[in-house]
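Colleague: I have just opened a model that is new to me, and I would like to learn how to read it. Could you take me through it step by step?

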Amino acid sequence: MGLITAQGKQPLFPFGVISDVQYADIPDGRSFLGVPRYYRHSVLVLERAVQKWNSLQNLSFAVNFGDIVDGFCPKDQSLNAVKMVASKFEEFNGPVYHMIGNHCLYNLSRETLLPLLKIPSHDCSAYYDFSPTPGYRLVVLDGYDISVIGWPQDHPKSMEAVRFLKEKNPNLDKNSPVGLSDLERRFLMFNGAIGREQLEWLDQVLQNATDLKQKVIICCHLPLDPGATTPEALLWNYNEVMDVIRKYKCVKVCLGGHEHRGGYSVDSHGVHHRIFEAALECPPSSDAFGYVDVYDDRISLVGTDRMKSTDMVFDS
Ligand SMILES: Nc1ccn([C@@H]2O[C@H](COP(=O)(O)O)[C@@H](O)[C@H]2O)c(=O)n1
Ligand SMILES: O=P(O)(O)OC[C@H](O)CO
């Protein structure tokens, strides 16, 4: 493969992407809504992703958009399953940046998980940023910052999430959206929110990126725009996060997972939102992974098989 793309320009940097591997050593199954899930095959999708990324030779890094192991993984196998999938990522010839999803947290505590995935952390939070080239910054958000999953039951963040869900979702099963309308259907236990401290951190990062004339790519397991997902998969406080993002002009693209069928939108402020198709839902021998070519004025997702290619053009 050449370094020059169809547009005739060399990307500033390319990086690999994959989401929702949700591996478990269990027979194939289905989601609550009946969509087939291939728990053992998904790790083969990851293996083929890593082979492809390595064969390209020019990728700067790869990003895993969360949920590497499924909640149905027998709990006595969780640690080994996470280690095994993490080791598949390590076969990539470059750095891998992970983020956490709800299924990761069904399996392991933050204390165990974050070091295994080498996620930079303070107080067990999982948000961080990095700048692969002077003109760009990637921001990884922790969408389960305020969540009933992943924190000890008596942790203030867990208690805040319990109070929030009680107020927003009257169902006994807090994963059920029955009776909730439109965007309120996001108030489910398998979603979460960005807490105050993280919002303030995001504001500072975007201010700093603006000062440095950097463009920003936001990565979060949970989608941030209703146009790119069903309401059931949205971040609880997506609107508060977008209010921070819209104070600045530096954020060009938001990338995510969680909504397994994938999605794409351009919001009212011209920010692109691309949700990646899940590796878990690839029938045997099919794939869902890709790489992203980053330019000054566009970000091009080159998808494989079920992951559709998407060209995201913006003002430079
Ligand atoms: N429309 C829905 C979707 C889900 N649930 C509940 O969430 C659980 C997890 O859902 P999956 O999509 O991962 O299978 C599921 O077991 C249901 O309890 C729901 O109630 N309504
Ligand atoms: O990855 P799951 O099992 O939490 O499923 C998330 C749903 O697809 C959201 O609609």
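Modeller: Gladly; we will go from the overall fold to the ligand shells and then to single residues.

Modeller: First, the ground rules. This is a predicted model, in which local features need pLDDT of at least 70 and side-chain atom pairs count only at pLDDT 80 or more, while totals for chains, interfaces and linings use all residues. Residues are numbered from 1 along each chain as its sequence is written, and chains are lettered from A and ligands numbered from 1 in the order in which they are written.

Colleague: Thanks! How many helices and strands does the protein chain have?

Modeller: Helices (H or I, at least four residues) and strands (E, at least two) are DSSP runs, numbered from the N terminus. Here the protein chain has seven helices and 14 strands.

Colleague: And what does the radius of gyration say about the protein chain?

Modeller: The radius is taken over C-alpha atoms, and the globule rule is 2.2 Å times the number of residues to the power 0.38. For 316 residues, a compact globule would come out near 20 Å, and the 18 Å of the protein chain agrees with that. Along the principal axes, the C-alpha atoms fill a box of roughly 55 × 45 × 35 Å.

Colleague: What share of the residues is buried?

Modeller: A residue is buried if 20 or more other C-beta atoms lie within 10 Å of its own, exposed if 12 or fewer, and partly exposed in between, with C-beta atoms placed from the backbone. Buried residues are 48% of the 316 in the protein chain.

Colleague: Which residues touch the most other members of the largest nonpolar core?

Modeller: A nonpolar core is a set of buried Ala, Val, Leu, Ile, Met, Phe, Trp, Tyr and Cys residues joined through C-beta atoms within 7 Å. In the largest one, with 94 residues, they are Cys-219, Leu-235 and Ala-279. Helix α1 (residues 42–56) gives this core its largest share, six residues.

Colleague: What is Ala-279 in contact with?

Modeller: Two residues are in contact if their C-beta atoms, placed from the backbone, lie within 7 Å. Setting aside neighbours within four places in sequence, the contacts of Ala-279 include Ile-18, Asp-20, Val-45, Leu-46 and Phe-289. Across the protein chain, 67% of the contacts with a separation of 6 or more join residues 24 or more positions apart.

Colleague: Now the ligands. Which residues surround ligand 1?

Modeller: A residue is near a molecule if its C-beta atom, placed from the backbone, lies within 6 Å of it. Around ligand 1 are Ser-31, Phe-32, Leu-33, Asp-173, Asn-175, Ser-176, Pro-177, Phe-190 and Glu-232. For classes, Ala, Val, Leu, Ile, Met, Phe, Trp, Tyr, Cys and Pro count as nonpolar, Asp, Glu, Lys and Arg as charged, and the others, Gly among them, as polar. The shell of ligand 1 has four nonpolar, three polar and two charged residues.

Colleague: How does the shell around ligand 2 divide by class?

Modeller: Into two nonpolar, five polar and four charged residues. Among them are Asp-20, Asp-67, His-103, His-258 and His-260.

Colleague: Is His-258 buried or exposed?

Modeller: His-258 counts as buried because 27 C-beta neighbours lie inside 10 Å. His-258 sits in the loop between β9 (251–256) and β10 (263–266). Not counting residues up to four places away in sequence, His-258 touches Gly-101, His-221, Leu-222, Pro-223 and Ala-233.

Colleague: What can phi tell me about a residue?

Modeller: Most residues other than glycine have a negative phi. Lys-118 has a positive value, near 55°, and lies in the loop between α4 (110–116) and β6 (128–133). Lys-118 is partly exposed, with 14 other C-beta atoms within 10 Å. Lys-213 also has a positive phi, near 60°, and its place is the loop between α6 (196–211) and β8 (215–220). Lys-213 counts as exposed because it has 9 C-beta neighbours inside 10 Å.

Colleague: Where does Ala-126 lie?

Modeller: Ala-126 is in the loop between α4 and β6. Ala-126 is buried, with 27 other C-beta atoms within 10 Å.
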